[in-house]
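Me: I'm new to this one. Can you walk me through a few local details?

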Amino acid sequence: MNIRRVPFDHPDAVKLNDEVQAEYHERYGDGGDATVLAPEDFRPPNGVYFIGYDELSRPVATGGWRRQDKNDEGNEDGDAELKRMYVIREMRGLGLARRMLAALEEDARAAGRTRMVLETGTEQPEAIALYTSSGYEPCAKFGYYRLYESSRCYAKAL
């Protein structure tokens, strides 16, 4: 997989974001993730957005992080919030999500962020397994879904 930095509004990013939103709706029945995201959230120094391409230059994986500091949604100073981690169905089980996660952690660390945080949900057990096996531990809930029972939040020191 060739990981490239792209704008959040890049056509390949939009395509994969539409796919992940459809999957969220399929799993949760709520129309997808309602968290407000903007292209500038993923422009350095605020964050980054990556797409992983296969050997035929097809977009097969995505992920980004955005800068968060202490706020009224439960974030802490130094946070990098992981967003839109996704691997297309036919490429799952090949370690692409783990490679994307490592690239995002490395980028956030280089940008001076001290903790990677993420929110997922009970209907994404494979995501929870990825994060916990990658050193993430449950943390205080934060973000848009912090009051939802199905929400699960994790953090890892960078």
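Reply: Let's begin with S57. This is a predicted model. S57 is partly exposed, with a relative accessible area of 45%.

Me: Where is S57 in the chain?

Reply: S57 sits in the loop between strand 2 and strand 3 (59-68).

Me: What about its backbone: what is the phi of S57?

Reply: The phi of S57 is positive, about 65 degrees, although S57 is not a glycine.

Me: OK, next. What is the phi of R84?

Reply: Phi of R84 is near 55 degrees. That is a positive value in a residue other than glycine.

Me: And where does R84 lie?

Reply: R84 lies in strand 4.

Me: Is R84 buried or exposed?

Reply: R84 is buried, at 5% relative accessibility. The cut-off for buried is under 20%, so R84 falls on the buried side.

Me: Which side chain does R84 pair with in a polar contact?

Reply: The side chain of D33. The polar contact between D33 and R84 is 2.8 Å.

Me: Tell me about D33 then. Where is it found?

Reply: D33 is in the loop between helix 1 (11-28) and strand 2 (47-53). D33 is buried too, with a relative accessible area of 16%.

Me: What else is D33 in contact with?

Reply: Leave aside its neighbours within four places in sequence. Then D33 is in contact with Q21, Y24, K83, R84 and Y145.

Me: What kind of peptide bond joins P44 and P45?

Reply: A cis peptide bond, with omega about 10 degrees.

Me: Back to strand 4. Where is D79 placed?

Reply: D79 is in strand 4, which covers residues 79-87.

Me: Buried or exposed, D79?

Reply: Buried. D79 has 0% relative accessibility.

Me: Which side chain makes a polar contact with the side chain of D79?

Reply: That of N75, at 3.3 Å.

Me: And what does D79 touch, beyond residues up to four places away in sequence?

Reply: D79 touches R66, R67, Q68, D69, R113, R115 and V117.

Me: Switching to helices. How do the axes of helix 2 and helix 3 cross?

Reply: Helix 2 is residues 96-110 and helix 3 is residues 125-133. Their axes come within 11 Å and cross at roughly 50 degrees. That makes helix 2 oblique to helix 3.

Me: Is the crossing left-handed or right-handed?

Reply: Helix 2 passes helix 3 in a right-handed crossing.

Me: Which residues make the contact?

Reply: From helix 2, A97, R98 and L101. From helix 3, L130, Y131 and S133.

Me: How far apart are R109 and L158?

Reply: In sequence, R109 and L158 are 49 residues apart. In space, they are 5.8 Å apart, C-alpha to C-alpha.

Me: Which atom of L158 lies 2.8 Å from a polar atom of the R109 side chain?

Reply: The backbone oxygen of L158.

Methods:
Residues are numbered from 1 along each chain as its sequence is written. This is a predicted model: local features need pLDDT of at least 70, side-chain atom pairs count only at pLDDT 80 or more; totals for chains, interfaces and linings use all residues. Side-chain values use heavy atoms; hydrogens and water are left out. Axes are lines fitted to C-alpha atoms, for helices over the stretch in contact, and angles run from 0 to 180 degrees between N-to-C directions. Helices (H or I, at least four residues) and strands (E, at least two) are DSSP runs, numbered from the N terminus. Angles under 35 degrees count as roughly parallel, over 145 as roughly antiparallel, 65 to 115 as roughly perpendicular and the rest as oblique. A crossing is left-handed if the near helix is turned anticlockwise from the far one by less than a right angle, and right-handed if clockwise. Contact means heavy atoms within 4.5 Å. Buried means under 20% relative accessible area, exposed over 50%, partly exposed in between (1.4 Å probe, protein chains only). A polar contact is a pair of N or O atoms within 3.5 Å; within protein, one must be able to donate a hydrogen and the other to accept it, and residues adjacent in sequence count only if both atoms are side-chain atoms.
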